[in-house]
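Dear colleague,

Please find the structure below, handed over for your use. My notes on what was found in it follow.

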Amino acid sequence: MGAKRVLIITYYWPPGGGAGVQRWLKFVKYLPQFGWSPVVYTPENGEMPVLDASLEKDIPLGTEIIRTRIWEPYSIYKTFVGVGKDEKINTGFLTEKKKPGLAERLSVWLRGNFFIPDARKFWIKPSVKYLSTYLSQNPVDAIVSTGPPHSMHLIALQISNKFNIPWVADFRDPWTNIDYYKDLMLTNGADKKHHLMEHEVLTKATRVIVVGKTMQQEFMDDFHRKIDVITNGFDEDDSFIQVKPISSNFMIAHVGTIVRSRNPKALWKALDKIINEVPGFADDLEIRLTGKVDIEVRNSLKDNNLEKFVTYTNYLPHAEVALEQQKASLLLLILNDTPNAKGILTGKMFEYMAAKRPVLCIGPINGDAASILDETGSGKTFNFDDKEGLLDAIKSYYSQFKSGNLTVDSRGIQQYSRKSLTKKLVEVLEEITKK
C-alpha cells in the first residue's frame, strides 16, 4: 500500500519565520517516515511578522505545497494607523515605538468586531472552493487545520463536512481564552459569534489536539469531549549539542518576542539590586534579547538602570538560534502575566531544554511550563512578583558561573523531540482513518 495522504491547512509556512511556522513544519518533516504523505495548503502572500528562508531546508523533497492568494485588510490598517506598506504587523499588541494612538485602538476594535474570527476570514470562501475542486481529483485520507488564525479551522470544517473526511483541529493557542482576547474590545454580539464558531469547531472536529494539559482540561470542561495533548518540541537536527557556554560573560538570554504582558518587572528590579550588592556582577552581566521588544519593556530596563547591559537583536534565523542559546549562562523564559498564564507552553521552552542550559522561568509555579521544567530538571520557575526568589536564584547561578560549575542535568527530554511527537500525531491519524 502507498502512503496515506493528509491535507494540512496552515497560515504560517516558510519562508515565513517565527514560532507559528515550526510546529507543522516539523510534523511535515517527519510524517513521511511514518507512512504519511503531507499536502500543505497555505497562502501565497500572507502577512508574515518575520521571514526565515533557512527553515525551508526542513521541507522534505517532493512535498506537495499548494499556495493560493489571500486578501487581508492589512493594507487598509497600515494606511489608517500611518505605517509603511512594507512594515510588518506585530502580534500580541506589541508596540515598539509609541503608545497606541486613537487610530490604532480604533483599528483593534474594528478587527475584533468585524473580522471574525480573524483578518484571514476572507480566505475561507475561496479556499473551500479551490480545495473542493482539488479534492475531487486528488483525494486525501485526513485533514488537519492548525490555528490561530482560526479561519483555518473554518476552512477545514466545511471541507470535512462536504467530503466526509476525518478532520483533526490543532490548537497552538486557545481561541476565546487567549491572553489578548479581552483586548479586542468585543461587543456582546461579536463575543457571542466567536464562541459559537469555537463551539462548532470543537464539537464537529473528529479529533482535537492542544499543546498542553491546562488547555486540554479547559476544552474538556467546556466541550465535554476527548482532547489530545501533543506539545511543541525540539528537533535533534537543529544542532542542539551539550556544550559549555561560549560567552565569557554571565549572559542572560531570551529568544522571542517580549510583549508588555511579559514584562518581568520583578526580574529587572532583582538584577538592579544584585548589581549594587555583588562585587563584579556588573562587569560580568550581559542581557541578550533576541526578538522584538515592546516599548514598555525597554522603558522598564531603563528605569532599573539596565539598558547598558542589554544587547538587542531584532531576529535571528532559526538555524542560528541553537548556537545563541548554547552561549548563554541562563535562558530566560517569560510567560504572559495574564489569566491564562497557567496553560502557556511556548515552543522555545523545549529548544531551551535541548540546549541544556539552565532555564529561568517567570510564570505560574503551578503551570504547565513549570511542571515540565521540574519533571525534566531543566530549570526553575518563579511567580511574576517573586523578586526575592529571583534575587536568590540569580545569585546562586552567578556563584556557580564564577566557579565554572553552571550546568543543568536535564532528563527525559527525548519524549519532546519532534520525531517522537510526530509519532503521537500519526497514532491519532491512524485511529481516525481506520476502515
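**Helix packing**

In helix H8, the residues Ala-266, Leu-267, Lys-269, Ala-270, Leu-271, Lys-273, Ile-274 and Glu-277 meet Lys-387, Glu-388, Leu-390, Leu-391, Ile-394 and Lys-395 of H14. Please note that this is a predicted model. H8 covers residues 265-277 and H14 covers residues 387-402; their axes come within 9 Å and cross at roughly 50 degrees. H8 is therefore oblique to H14. The crossing in which H8 passes H14 is right-handed.

A further helix pair is formed by H11 (residues 318-327) and H12, which pack at an angle of about 55 degrees with their axes 9 Å apart. That angle makes H11 oblique to H12. Here, too, a handedness can be given: H11 passes H12 in a right-handed crossing. From H11, His-318, Val-321, Gln-325 and Gln-326 take part, meeting Glu-351, Tyr-352 and Ala-355 of H12.

**Helix H13 and its cover**

Helix H13 spans residues 368-376, and its buried residues are Asp-368, Ala-369, Ala-370, Ile-372, Leu-373 and Thr-376. The elements that cover these buried residues include the helices H7 (213-223) and H12 (347-355), together with the strands E11 (330-334), E12 (359-362) and E13 (379-382). Just after H13 comes Gly-377, which takes a positive phi of about 65 degrees.

**Nonpolar cores**

The largest nonpolar core has 66 residues, and those that touch the most other members are Leu-7, Ile-9, Ile-143, Phe-171, Phe-219 and Leu-429. A second, separate core has 34 residues, including Ile-252, Ala-266, Val-310 and Tyr-397. Leaving aside residues up to four places away in sequence, Ile-9 touches Tyr-41, Leu-131, Ile-143, Val-144, Ser-145, Thr-146, Met-152, Ile-155 and Ala-156.

Ser-145 lies in strand E4, which runs over residues 142-147. Is Ser-145 buried or exposed? Its relative accessible area is 0%, so Ser-145 is buried, the cut-off for that class being under 20%. The side chains of Ser-145 and His-153 are joined by a polar contact of 2.7 Å. Beyond four places in sequence, the residues touched by Ser-145 are Ile-9, Met-152, His-153, Ala-156, Trp-167, Val-168, Ala-169 and Asp-170.

His-194 belongs to helix H6 (residues 188-204). Because its relative accessibility is 2%, His-194 counts as buried. Not counting residues up to four places away in sequence, His-194 touches Gly-112, Ile-116, Pro-117, Trp-175, Thr-176, Tyr-181 and Leu-186. Between His-194 and Ser-371 there are 31 Å in space, C-alpha to C-alpha, and the two are 177 residues apart in sequence.

Gln-415 sits in the loop between H14 and helix H15 (418-432). With a relative accessibility of 41%, Gln-415 counts as partly exposed. Which side chain does the side chain of Gln-415 contact? The partner is Glu-375, in a polar contact of 3.0 Å. The side chain of Gln-415 also reaches the backbone oxygen of Gly-412 at 2.9 Å. With residues up to four places away in sequence left out, Gln-415 touches Glu-375, Ser-420 and Leu-421. Gln-415 and Gly-233 are 182 residues apart in sequence, while their C-alpha atoms are 8.6 Å apart in space.

With kind regards

Terms used
Residues are numbered from 1 along each chain as its sequence is written. This is a predicted model: local features need pLDDT of at least 70, side-chain atom pairs count only at pLDDT 80 or more; totals for chains, interfaces and linings use all residues. Side-chain values use heavy atoms; hydrogens and water are left out. Helices (H or I, at least four residues) and strands (E, at least two) are DSSP runs, numbered from the N terminus. Buried means under 20% relative accessible area, exposed over 50%, partly exposed in between (1.4 Å probe, protein chains only). A polar contact is a pair of N or O atoms within 3.5 Å; within protein, one must be able to donate a hydrogen and the other to accept it, and residues adjacent in sequence count only if both atoms are side-chain atoms. Contact means heavy atoms within 4.5 Å. A nonpolar core is a set of buried Ala, Val, Leu, Ile, Met, Phe, Trp, Tyr and Cys residues joined through side-chain atoms within 4.5 Å. Axes are lines fitted to C-alpha atoms, for helices over the stretch in contact, and angles run from 0 to 180 degrees between N-to-C directions. Angles under 35 degrees count as roughly parallel, over 145 as roughly antiparallel, 65 to 115 as roughly perpendicular and the rest as oblique. A crossing is left-handed if the near helix is turned anticlockwise from the far one by less than a right angle, and right-handed if clockwise.
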